[in-house]
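Subject: Structure for you to look over

Dear colleague,

I am passing on the structure we spoke about, and I would be glad if you could look at it beside the notes below.

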Amino acid sequence: MHKLKRTTSTAVIIAALAGSAALATASPAAAADYRCTTSTKSIDDPAYSGPWADNWDVTVRLCAKRSGSTVYTYAKISWDGPAYGYVDDSSIFDGAYFKLQVKKSQAGTDPVKKSANYHGIESRLENSDSNANYNNSYTTPVLSYTIGSSRGLADGELYLDWNNDGRGYWKHLFSASPAV
């Protein structure tokens with residue numbers, strides 16, 4: 001009888017520890033109260049005019065959540081890029097970054113309350129698999145702003161400066177998150 005009781009107690013403790021471990025590994029971005037919007041754009045490489053496909057299919061998921069008077073936002077950007085001639089070609093872009101914004105939701109244009117540029121996306125864009133397929137993703141850090149009782153949302157813009165096109169940064173807009 002003692003053996004059964006000890007086995008049952010051990011099973012309960014192991015189950016509790018497993019649940020704690022699962023909670024400890026969850027990222028802040030995985031929290032259930034984020035509200036998100038996903039949008040996709042096909043972006044042409046203007047520096048290439050050859051016969052092969054050169055479009056980048058970019059998907060952006062913009063998310064926002066509220067905790068008290070603070071709005072927390074992040075973006076996950078993923079892409080299905082073309083296959084180029086070189087593996088890990090760091091010369092595809094002269095520059096690239098994602099601008100994440102916390103906006104105040106209001107009638108008319110939503111004003112930007114805080115923004116940050118994340119340049120870490122460029123190295124991810126130029127990183128391919130061993131077959132020179134440029135498919136990857138990048139998640140921004142969380143950007144927060146104390147907004148008080150106003151409603152806030154996440155918005156974002158992808159800036160790409162293609163190598164050899166002579167036009168500088170091109171801005172690509174995506175759909176904002178729901179207001180929280």
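Predicted model: local features only at pLDDT ≥ 70, side-chain atom pairs only at ≥ 80, totals over all residues.

Residues are numbered from 1 along each chain as its sequence is written, and side-chain values use heavy atoms, with hydrogens and water left out.

The chain holds 2 helices and 9 strands (DSSP runs numbered from the N terminus, helices being H or I of at least four residues and strands E of at least two), and their order along the sequence is α-β-β-β-β-β-α-β-β-β-β. Of its 180 residues, 36% are buried (under 20% relative accessible area, with exposed meaning over 50% and partly exposed in between, for a 1.4 Å probe and protein chains only).

A search of the whole structure gives 1 disulfide (a pair of cysteine sulfur atoms within 2.5 Å), formed by Cys36 and Cys63 with their sulfur atoms 2.0 Å apart. The pair joins distant parts of the chain, Cys36 lying in strand E1 and Cys63 in strand E2, 27 residues apart. The torsion about the S-S bond is about 115°, so the disulfide is right-handed. Cys63 is buried at 0% relative accessible area, whereas Cys36 is partly exposed at 23%.

Leaving aside neighbours within four places in sequence, Ile77 is in contact (heavy atoms within 4.5 Å) with residues including Val58, Val60, Phe98 and Ile121.

Gln101, in strand E4, counts as buried because its relative accessibility is 7%. With neighbours within four places in sequence again left aside, the contacts of Gln101 include Val112, Lys114, Leu153 and Asp155.

Finally, the lining of the largest pocket includes Asp45, Tyr48, Tyr84, Tyr86, Asp89 and Asn163, and the lining residues as a whole divide into 5 nonpolar, 4 polar and 2 charged. For these classes, Ala, Val, Leu, Ile, Met, Phe, Trp, Tyr, Cys and Pro count as nonpolar, Asp, Glu, Lys and Arg as charged, and the others, Gly among them, as polar. A pocket here is an open set of points on a 1 Å grid over the protein atoms alone, where a 1.4 Å probe fits, with protein on both sides within 12 Å along at least five of seven lines, and lining residues have an atom within 4 Å of a point.

With best wishes
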